[in-house]
Amino acid sequence: MCGRIICSFVLILGLAGLAAAQGWDMEIPSVNKPPVIDGEVDPIWSIASVQYISTTIDGTVSSPEDCSGSWRAMWDGEYLYVIVDVNDDTLVNDSGSAYLDDSVEFYFDGGNTKNPGSPLSGTSRQYTFGWTAADIQGTNTSLDGVEHAQVNTDTGWRIEMKFPWMSLQGSAPAMGDLIGIDVFINDDDNGGDSREAQVSTFARSNADWQIPASWGTAILVKGSSEKASAPNPPDGATDVSREAVLEWSPGEFAHTHDVYFGTVFDDVSNADRANPLGVLVSQGQSAATYDPPGRLEFDQTYYWRIDEVNAPPDNSVHKGEVWTFTAESFAYPIQGIIATSNALSEEGAGPERTVDGSGLNAQGQHSIAAADMWLADAADGEPTWLHYEFPRIYKLHQMEVWNYNVLFELILGFGLKDVTVEYSADGVDWTVLGDFQFAKGTAKTTYTANTTIDFGGVAVRYVRLTVNSGHGTTGQYGLSEVRFLHIPTYAQNPRPADGATEVAPDTVFGWQTGREAVRHEVYLGSDEESLALVGTVSQPSFAPADLEFASTYYWKVVEVNEAEAVPAWESSLWSLSTQEFALIDGFETYTDNVDAGEAIFDTWLDGWVNNTGSTVGYLNAPFAEKTIVRSGRQSMPLQYDNSQSPWYSEAVREFETARNWTTHGATMLALYVRGNAPAFLEDAQGNIIMSAIGNDIWDSADQFRFAYRSLSGNGSIVARVDSLERSNEWAKAGVMIRETLEQGSKHAFVCVTPDNGISLQRRPVAGQASANTDVAGLAAPYWVKLTRTGNTFTAQHSADGATWVDITVSPALEIQMGGNVYIGLALTSHDTAMPTSAEFSNVSTTGSVSGSWQTAAIGVAQPVGNSPESLYVVIEDATGKIQVVKNPNPAATTKTGWNQWQIPFSDLAGVNLTRVTKMYIGVGDRNTPTPGGTGVVYIDDIGYGRPVATE
């Protein structure tokens, strides 16, 4: 323990020295348990400081509600995590360019180079995430492994992101590293290809998007491992249930916990064991939870702190942060009210103005602008009335009134004075609550509600205000705002949330109870028009017994108390969709702790144990794959060598207890597999798959793989680029005619890119600069064609291989080449750390083309790739019966990208799937082994379940 303290002290001194030397704008803490990337604010985010996005650098921002935000960041050895909350009262996504819509831009400068940019290069990156957009745009992006999720919020929207360090900067981070960082928000209120405003955190100009020197500087620091973290309720939470139980994540060395809890910040902050100040409510407890006695008080703000106490003989006390939350209110405003009147309203000042919050600020103060209020001439021949319809019946507590409040209201007297208030549950039978006098507005911008009508908790859906007189004699009546407060009697805040997807079929339902409920009736079904009563419980928790995979369900809760005037209150109808597959192994739990038996090869046994040609994991830590992952943080690399006996390679996992894979309507086993493309492979149909690496085919020298044949004189080549793995937005695959195999050779090249369309590139002079002509908006699969006629080169593209479109170059493209040249397929990754692959079909040539396909590594050594082999899975049950299933693709090891292999249970009919004890994953032919080759495949997200049914 003393050694740890000394090391921490040295680290602090080191960072302090660095601060004095260079300085930074923010600290990014490390995190042991990363957040779930779902757009929700996990409690662990409490360890990160809040950064504000409020500097307007383009356009005009009318208010913080119009465009502003905040964000936080955390890190671990694999990822940088960022969460952004956007305040935006009008959300738009109607442009092809995310930066012209409502969007968030994240900026990263690896090593805090502060390079000049313009354009961004190296590890200076821009990522743009559009509201409701699934894709990621930006400049100099590296997207491999980047994940994001977003949700709408009451004030706009929120996006949560994680970026692999290998994609950001190509290397792992270290404590004390400095990085450049910034977050912008784009605001589009009016639609179209324009934005109204842009705000930033650190930058001061809209030109700074490509100038890393203008971004902020962050330092990577150690998270507070000795202290408690991840409070629940989250720090700053509001509307917390009065039955809330306090929870937290213990500090790394905590033996016991001291709990401080009270309503005065200073008391909770300053108290200790020697001076508890009446707020040390539990000392030396072992549990990381605390249940306050009784119920919390309505609308009360509470403060709490957890001090972590080390085990004897150390007994060190680590004082915690002070967290806060506010308990639920006694009554809540009703939303979605429809207001009508029989009076003739002024234009733009209809009765809806009395319930839309117009003119009200966050402090409940009303403006003096007439456009924010209702004003009407008295109705002819009958009393003037205002009618309010709620979305449903509520237990109505009060009505708060802001009377008419224009600047000269004290003289004009448009406001209502004597008013009869009635209510109804059905709109037919009405009850008179009474006659009331509404106080005058103050004609000031500080005006708050000054009339309150008490409804006493009656069940109401309609309220009618009949005007008997006003405060003046003009014959016009006005009103600024009314707010109806209800006592919550319905179940609300369902868990899973309404509309949730990817819900586990064994999930437990929860909800916030209605105020008077003594029991809860749960209704559930797959038909929203026909729900069945599936349970009655005394607590707000219910575990349904028969949810199935890949299904949509509807549910509601009826809160019941026969002692009340209204004995039952039915919640809104909620829905959820269950996940397709439950995880068998996502490879996230394995560590590099060999002594503890936690390494991936301690569970998935390989050729070192079973004498096949397999190797699970890597020889040196980290043992699991950290960069090539389908989801989460790790996948399993399975290296195979079928060149020696027994000529197949497999890994096996034995389950400690037999597994039942048939629950919740499961019909199949599924796993994700990713191979590596071979260097060059042509199948019997003439389809070609290639892999390559290289910085580019551009400038004065190239790095790429070239598959070529010889061309003498005139000729052409056509190919359909079926697919191109996105190693970079400027990865390139296409057809080429090249004078030599030197790096700087003259050439013409028609290529397809992932994000930047199709390009005709050329280098007319050896060793000199390249040029290009681009066609935007096109991507694989697409046809390309290149033709040589003398020294004139022409290029075309086609969607179907029949109708061709010229890529026009003016004047005509002339490149002086010798008579004998090379013609073929070219591929580059545009990223020297990230291989790419491409698949070509319908390759054909004209002219005097000779020789078989050959390949050349131009400018850089090229990856060997995988040999084509089959994959198989073996399942074994508790009685020792096995079933082998082969992947339908005999060259599955060459298939790039993550591909889900679904195995119907009918293919596993020979084993008892309710008692599975072993699972094998292999490469080759287990039953009839034959010599093969070598390579590596990656396995992730093994699960059982069933896919969503398709029509």
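Biologist: How do the residues of the lining of the second largest pocket divide into nonpolar, polar and charged?

Modeller: They divide into 15 nonpolar, nine polar and ten charged. Ala, Val, Leu, Ile, Met, Phe, Trp, Tyr, Cys and Pro count as nonpolar, Asp, Glu, Lys and Arg as charged, and the others, Gly among them, as polar. A caveat on the source: this is a predicted model, where local features need pLDDT of at least 70, side-chain atom pairs count only at pLDDT 80 or more, and totals for chains, interfaces and linings use all residues. Residues are numbered from 1 along each chain as its sequence is written, and side-chain values use heavy atoms, with hydrogens and water left out.

Biologist: What makes a space a pocket and not a cavity?

Modeller: Both are sets of points on a 1 Å grid over the protein atoms alone. In a cavity a 1.4 Å probe fits but cannot get out; a pocket is an open set with protein on both sides within 12 Å along at least five of seven lines. Lining residues have an atom within 4 Å of a point. The second largest pocket holds about 1500 Å³. Of its 34 lining residues, V36, I37, D38, T501 and E502 are the closest to its centre.

Biologist: Which strand supplies the largest share of that pocket's lining?

Modeller: Strand 33, with four residues. Strands here are DSSP runs (E, at least two residues), numbered from the N terminus. Strand 9, strand 41 (581-585), strand 46 (668-674) and strand 65 (934-945) are also among those that supply at least two residues each.

Biologist: How many cavities of 30 Å³ or more does the structure hold?

Modeller: One. The largest cavity has about 50 Å³ of space. A volume is the space filled by probe spheres set on the points, which are joined across faces, edges and corners. Its lining includes R515, E516 and W569. By class, that lining has five nonpolar, three polar and four charged residues.

Biologist: Why are strand 2 and strand 9 called edges?

Modeller: The open sheet has five strands in the order 2-4-5-10-9, with antiparallel pairing. Strand 2 (51-53) and strand 9 (147-153) each have a single partner strand, so one side of each lacks a neighbour in the sheet.

Biologist: How do you know that strand 5 and strand 10 pair?

Modeller: Two strands pair if DSSP finds at least two bridges between them. Strand 5 (residues 79-87) and strand 10 (residues 156-164) have nine, in the antiparallel sense.

Biologist: Why is N186 called buried?

Modeller: Buried means under 20% relative accessible area, exposed over 50%, partly exposed in between (1.4 Å probe, protein chains only). N186 has 0%, so the label is buried. N186 lies in strand 11 (residues 178-187).

Biologist: Is S867 buried or exposed?

Modeller: Buried, at 16%. S867 sits in the loop between strand 60 (836-858) and strand 61 (871-877).

Biologist: What makes strand 17 largely enclosed?

Modeller: Seven of the nine residues of strand 17 (residues 254-262) are buried, so the rest of the structure largely encloses it. Eight bridges join strand 17 to strand 20 (residues 301-310), running antiparallel. Three join strand 17 to strand 18 (residues 280-285), also antiparallel. Y260 stands opposite R305 in strand 20 and opposite L280 in strand 18.
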